Structure formats: structure tokens, C-alpha cells
Amino acid sequence: MSRFATFVERRLGLAPVPNGGRELEALLAEKSARTSLEAYLDRLESAGPQDAELRVLAERLTVGETYFFRHQAQLQALVGEVLPQVQRGGKPARVLSAGCSSGEEAYSVAILSRENPLVEPERLFITGVDVNPRAIERARRARYAAWSLRSCPEALRERWFHTLPSGDFEPRPSARERVVFEERNLLEEDPVFWAPGSFDVILCRNVTLHFTAEVTRAVIARLERALTPGGVLLLGPSETPRGFSESFEVLQAGEAFYHRRRTAPAPSGPPEPPPLAVRAPRAAEASASVPSAWSPKPSSHEPPGMDGAWRLLEEERYAEAQAWLEQLPEADREQSSARLLRAVLHFQSGHFPEAERVAESLVATGRAEAAVYYLLGLCREQAGDDGGARHRYARAVHLEPTFALGHLRLGILARRAREAMPARVALRLALTLLAHEQPLHLTLFGGGFGRHGLMQVCQQELRACAEVP
């Protein structure tokens with residue numbers, strides 16, 4: 001375990017998570033099922049950057065929380081002030097979205113740039129990179145559920161997205177022009193890609209939160225070198241280069257902050273950290289496909305044929321999962337598990353009132369489980385009713401005290417209400433319980449996060465609690 005955790009930290013940069021050992025232990029057991037532990041770890045430690053097994057670990061362990069127009073004030077500062085300054089004199093603007101996940105951030109920059117007459121979109125070039133191969137595949141495919149557009153104003157949605165027959169949304173072609181994506185690990189050196197002055201702007205928001213201090217220092221140094229003098233680095237609201245680099249000055253635009261690389265070195269900064277040590281790729285790397293992380297749901301009461309619907313849900317193919325359910329015999333469709341899945345699919349497709357109606361019909365039977373009340377809480381949150389949401393999450397954890405996701409949402413809503421002590425209690429309990437959270441709950445409500453990713457979200461929320469009086 002120690003050797004495996006050290007490998008994950010060294011190659012993916014992920015900081016150890018309290019109570020996260022059980023997840024790594026289960027993952028190690030799963031991956032070494034067909035060989036000895038020593039053989040599996042030997043193979044990992046000799047893996048090149050594109051080794052299939054390393055790519056699978058990246059998919060399973062990295063955090064992918066994102067949505068369109070996240071931290072919009074910062075994006076408005078980028079397109080309203082930074083990009084027009086970069087493009088003065090006919091210069092192109094080269095933007096990097098580092099840790100881009102499924103692409104919402106990169107497309108958000110492209111859309112807002114086209115909305116602002118001060119930016120010339122034909123001279124704007126956006127590159128998104130992420131270590132997670134599945135996330136990059138989704139970014140290139142550019143199909144998004146309504147949940148990804150939850151912060152998108154209606155006017156922007158109408159102007160910049162096609163609504164597909166499935167109910168998903170697709171950015172219009174003009175929003176996808178000059179936006180490219182690459183699978184890339186921020187910890188791996190590439191003298192060409194990271195050449196000095198390669199980018200005018202780098203967004204690396206809510207990424208270093210999940211890194212160790214040593215990895216953060218090396219990544220910030222790499223991003224700094226890749227920026228032009230005077231180039232801009234945008235980090236998440238709770239992140240800062242302070243303590244890792246003295247080469248940035250903080251600027252404010254409205255309610256947003258960003259960091260500009262100084263045109264001359266700071267007079268007394270610390271020495272530049274050494275580059276990250278990563279093995280060079282082997283001469284020929286196999287490009288094996290990445291297997292799905294899906295596994296059948298262990299329920300002896302489930303209607304026959306439900307396994308296909310579960311698989312489609314995990315793959316975020318919501319319309320197909322709904323169609324799969326509809327072809328089941330009527331008696332099977334009316335089983336509680338099938339009705340709950342139908343409600344979840346409505347929610348993931350953005351049909352929130354319908355999701356709430358189906359969930360309430362399950363409550364009316366008098367046999368609703370914790371997951372039903374949790375879904376009702378999500379629906380109430382979507383409707384802007386935080387009080388109603390908290391009531392339903394509380395009911396969920398009353399019925400199932402070990403329901404980690406219920407405690408997590410209660411903690412987030414308490415922090416949002418500036419109730420620091422209840423928030424900390426709920427979040428600490430969630431962090432402890434996430435190590436044991438049911439796989440079914442993670443599939444239904446994880447939002448694309450794995451167990452490890454949810455633990456990191458919980459840690460991020462706990463850190464944010466420190467800002468609440």
C-alpha cells in the first residue's frame with residue numbers, strides 16, 4: 001500500500017487523503033487480481049507516460065468537477081481585460097486550460113470571447129489538457145447534460161448551444177473553432193509543449209488543491225516558464241502561487257483576482273525548483289483502450305435487464321438508458337429500483353420537475369429509501385430552495401446514517417449559509433464515511449466523481465469553512 005500510494009503521488013501528484021487508504025487498497029487488489037502485487041507494482045513503476053495502466057489510474061483517481069461558466073467573474077475579467085491587452089497590435093492570444101477535465105472551461109472562454117467585441121476570436125487559440133483520457137474524449141465529443149449548464153444564463157444557452165434529440169447540449173461550431181484538446185500530465189516534462197513563452201494565459205483552476213506541496217511548487221514553476229513575460233495565470237478562488245513562486249503580482253478586476261507574471265525577476269525570490277523527475281517514454285508504447293470503470297450493481301431484487309440501464313447511466317448516455325428502461329416489461333418498470341433510476345435519468349437530463357415528481361411518487365408508497373430523499377434534496381437545490389434541500393438530505397441521513405453523500409451536501413449547504421460549526425461537523429463525518437460509501441450511491445449521485453475525488457471535494461469544502469466566521 002505504501003509503495004502504491006507513493007507511486008500515485010509521484011506520477012499523478014495526488015496528495016494523500018485522510019481515510020483514503022481503503023479506496024487505494026481496493027483499487028490495488030482489483031488491479032493485481034491476475035498477477036502478484038509485486039509484479040503489478042513493478043510494471044507500474046516502469047510505465048511510460050502513455051502506458052495503458054497509468055491512464056486507467058488517472059481516469060479512476062483524478063477529480064473532474066467542472067461546469068460551464070464556473071467562477072464567471074474571473075472569466076469575465078479574462079475576456080474583458082486580459083485578452084484585449086494581449087491582442088493589441090494584432091498579436092494572437094494563446095490560452096491554456098490546464099486540467100481542463102471534460103472541456104467546459106475551454107468552451108466557456110471561447111463563448112465569452114465571442115460575446116465580447118473587444119476580443120478578436122479569429123486570433124484566439126485555446127488548448128485544453130488533462131491527464132484523464134476519458135475526460136479528454138468527452139471534451140472532444142462536446143456533448144453535455146443540462147447539469148453541466150446549470151450556471152449558464154438562458155440567453156447564452158440559446159445563442160451558443162444546440163439542443164440534441166437526446167436532451168443533451170452541444171456547443172455550436174463557432175464556439176468550438178480553435179479549441180483543441182490533448183491528453184497530457186502536468187507532471188511530465190515536454191520541452192516543446194512547455195517551451196518558454198508558449199502561452200499568454202494559463203487557467204489552472206482548482207487543480208493544485210489536489211497536489212502535494214512539492215508537486216504544486218514544480219507545476220507552478222512549469223506554468224511560469226511557459227508563460228510570456230507579463231502573461232496571466234488564473235487559479236481557483238482558494239489557490240495562490242504565494243509560497244511557491246515570487247514571480248507573480250496579484251491584480252484585481254471587479255470581484256475577480258488573477259496573477260500576472262512579472263516582466264523581471266523578483267529581487268529576492270527562492271531558487272527555482274528542479275524539474276519533476278518522470279521516466280522518459282519507452283520506444284514503443286501500446287495504445288490499449290481504457291476499460292470502463294463500471295461494475296454490475298449487486299442487488300438480488302433488481303428486475304431482469306436492468307444491468308444494461310446501469311451501464312448506460314455510468315457512461316452518461318441518459319437518453320439511451322431511458323429508452324432501455326422503457327423496453328422493460330411494465331411490471332419491471334414499476335419496481336422501486338427502476339423508478340429511482342428513471343428519476344435520476346430525468347434529473348441528469350435537466351428535467352428537474354419530472355425527476356421530483358417520480359421521486360415523490362416513491363415517497364407516497366411509504367417505502368422510500370434514503371437515495372430517494374437525497375434525489376429530492378438535489379431537486380430542491382436546483383429549484384433554489386436550500387431549506388427544502390437540507391430537510392430532505394437530513395431525512396436521507398436519518399434513514400441511512402452512513403450515507404456519506406447526504407452528509408456532504410448538508411455540510412456544503414451549511415457552509416453556504418455561513419454556519420461554520422454544523423458545516424465542519426457534517427463535512428468531517430462525510431470524509432470519514434466516504435471510504436465506505438456504497439458503489440450504487442457513487443454511480444447514481446457521484447456526478448462523475450470517484451470515491452477519491454469526492455474525498456478531495458470534501459477536503460476543499462473543509463478548507464473553505466476556515467473562511468467562514
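The structure on display is a predicted model.

**Around Arg416**

Arg416 and Asp386 form a salt bridge, and their closest N and O atoms are 3.3 Å apart. Arg416 belongs to helix H18 and Asp386 to helix H17, so the pair ties together parts that are 30 residues apart in sequence. Asp386, at 25% relative accessibility, also counts as partly exposed. Now include Glu381 and Arg409, which are linked with Asp386 and Arg416 in a network of salt bridges. Side chains of opposite charge can pair in this way when their charged atoms come close.

**Helix H16**

Gly384 follows H16 and has a positive phi, near 85°.

**The open sheet**

An open sheet of seven strands runs in the order S5-S2-S1-S6-S7-S9-S8, with mixed pairing. S5 and strand S8 (248-253) stand at the edges with a single partner strand each, so one side of each is left without a neighbour in the sheet. From one strand to the next, the twist averages 25°.

Within this sheet, select residues 93-98 and 124-130, which are strands S1 and S2; the two run parallel and are joined by six bridges. Ser97 stands opposite Gly128 in S2. H6 lies across S1, S2, S5 and S6, at about 165° to S5. Helix H7 (residues 133-141) lies across S2 and S5, and its angle to S5 is also about 165°.

**Two further salt bridges**

Glu105 lies in H6 (residues 104-115) and Arg205 in the loop between strand S6 (199-204) and helix H10 (213-226), so the pair ties together parts that are 100 residues apart in sequence. Glu105 is buried, with a relative accessible area of 10%, and Arg205 counts as buried at 8%.

Move on to Arg225 and Glu189, whose side chains meet in a salt bridge at 3.9 Å, N to O. Arg225 lies in H10, and Glu189 in the loop between strand S5 (179-183) and S6, so this pair ties together parts that are 36 residues apart in sequence. Arg225 counts as partly exposed at 23% relative accessibility, as does Glu189 at 38%.

**The whole chain**

Finally, clear the selection and view the entire model. The chain contains 21 helices and nine strands, and 54% of its 469 residues count as buried. A search of the whole structure finds 21 salt bridges. The accessible surface comes to about 21100 Å², and 52% of this belongs to carbon and sulfur atoms.

Terms used. Residues numbered from 1 in each chain as written. Predicted model: local features only at pLDDT ≥ 70, side-chain atom pairs only at ≥ 80, totals over all residues. Heavy atoms only, no water. Helix = DSSP H or I, 4+ residues; strand = E, 2+ residues; numbered from the N terminus. Salt bridge = Lys/Arg side-chain N within 4 Å of Asp/Glu carboxyl O. Buried < 20%, exposed > 50% of the residue type's maximum accessible area, 1.4 Å probe, protein only. Areas by Shrake-Rupley, 256 points an atom, 1.4 Å probe, with all protein chains shown as cover. Pairing = 2+ DSSP bridges. Axes fitted to C-alpha atoms, helices over the stretch in contact; angles between N-to-C directions. Contact = heavy atoms within 4.5 Å.
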